[in-house]
Amino acid sequence: MESRQDGTPGTVDTRRREKAMAVNPVSVNSLVSLLRGAIVYALLPQGSHEKAINSFAGPYVAYADRFINCEQQYAWRMYLRATHFNPQKPNELQLLNGNLTATKGFDDNCWAKVYLDIRNNNQWKENAFVFEFKDKACTTLRTNLPGPANIFFGKGNGERKPCVIPPGVHKADQEPVDWTFPKFPVMPYGHYKFRLNSNANEIILCLQVECHIIPKLK
């Protein structure tokens with residue numbers, strides 16, 4: 001795998017952010033509880049809490065900086081690039097080019113783990129969030145990342161029961177991509193490194209994306 005890099009004292013805002021991100025790793029339920037808390041605060045009347053909470057988490061836009069294969073060779077490899085994200089036009093989708101190349105299929109017999117590293121003070125805080133899915137990895141991918149999944153695998157595959165993604169070369173050619181996670185309408189803002197591992201009887205993929213999650217303008 002890629003060599004890993006390594007997450008300010010000060011204001012109440014900063015301490016609150018550090019406390020929220022210090023759990024390593026957290027379960028899906030813990031993260032959901034965290035996000036629910038952010039939603040509750042966001043729905044409260046405007047007041048002294050608003051700046052602190054909204055500076056940490058809320059509705060968001062996600063965009064990708066670069067795509068990285070883990071060093072070890074696995075059955076799935078990605079050769080992708082995305083157009084530059086324009087912060088002056090945050091609702092303009094990036095265009096995705098390249099392919100995912102797979103020598104083995106991917107289905108609901110696989111499990112999956114997602115790791116999120118957070119960039120802070122010019123260092124990576126590794127595994128700040130960890131999501132573990134013990135089965136149904138294909139359906140989980142479809143449900144949580146429908147934008148990229150529909151580009152590469154087509155909507156039809158997601159409607160199959162059981163969910164199956166066959167081996168082959170899955171291409172993107174100037175495709176607008178929405179990186180939204182629909183199951184998580186609120187996310188903590190930050191600079192992340194997203195890593196997806198999946199396994200059936202052996203690890204078949206290890207893919208990484210360096211990305212940002214920023215506030216969504218009203």
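View 1. At 0% relative accessibility, C70 counts as buried (buried means under 20% relative accessible area, exposed over 50%, partly exposed in between, with a 1.4 Å probe and protein chains only). A disulfide joins C70 to C206, with the sulfurs 2.0 Å apart (a disulfide here is a pair of cysteine sulfur atoms within 2.5 Å). This link brings together distant parts of the chain: C70 sits in the loop between β2 (60-69) and β3, C206 sits in strand β12, and they are 136 residues apart. Helices (H or I, at least four residues) and strands (E, at least two) are DSSP runs, numbered from the N terminus. With -50° about the S-S bond, the link of C70 and C206 is left-handed.

A word on what you're looking at: this is a predicted model, where local features need pLDDT of at least 70 and side-chain atom pairs count only at pLDDT 80 or more, while totals for chains, interfaces and linings use all residues. Residues are numbered from 1 along each chain as its sequence is written, and side-chain values use heavy atoms, with hydrogens and water left out.

**View 2. C138 and C163, another disulfide.** A search of the whole structure finds two disulfides, and one of them joins C138 to C163, S to S 2.0 Å. C138 lies in helix α4 (residues 137-144) and C163 in the loop between α5 (146-159) and β8 (164-165), so the pair ties together parts that are 25 residues apart in sequence. C138 is buried at 0%, and C163 is buried at 3%. What about C110? Its sulfur is 8.3 Å from the closest cysteine sulfur, in C138, and that is too far for a bond.

**View 3. L100 in its strand and sheet.** L100 is found in strand β4 (residues 94-102) and counts as buried, at 9% relative accessibility. Three strands form an open antiparallel sheet in the order β3-β4-β9 (two strands pair if DSSP finds at least two bridges between them). The edge strands β3 (76-82) and β9 (168-177) each pair on one side only. Between β4 and β9 there are eight bridges, in the antiparallel sense, and L100 stands opposite H170 in β9.

**View 4. Who touches L100 and F152?** Leaving aside neighbours within four places in sequence, L100 is in contact with residues including W76, L80, F152 and L207 (contact means heavy atoms within 4.5 Å). F152, with residues up to four places away not counted, touches L80, L96 and L100, among others. Both L100 and F152 are among the residues that touch the most other members of the largest nonpolar core, which has 45 residues. Such a core is a set of buried Ala, Val, Leu, Ile, Met, Phe, Trp, Tyr and Cys residues joined through side-chain atoms within 4.5 Å.

View 5. pLDDT is the predictor's confidence in each residue, from 0 to 100. The chain averages 79, and 72% of the residues score at least 70. Confidence is highest in β4, at 97, and lowest in helix α1 (residues 12-21), at a mean of 41. Over residues 1-28, pLDDT stays under 50, and residues 36-53 also stay under 50. Where pLDDT is low, the predicted coordinates should not be read in detail.
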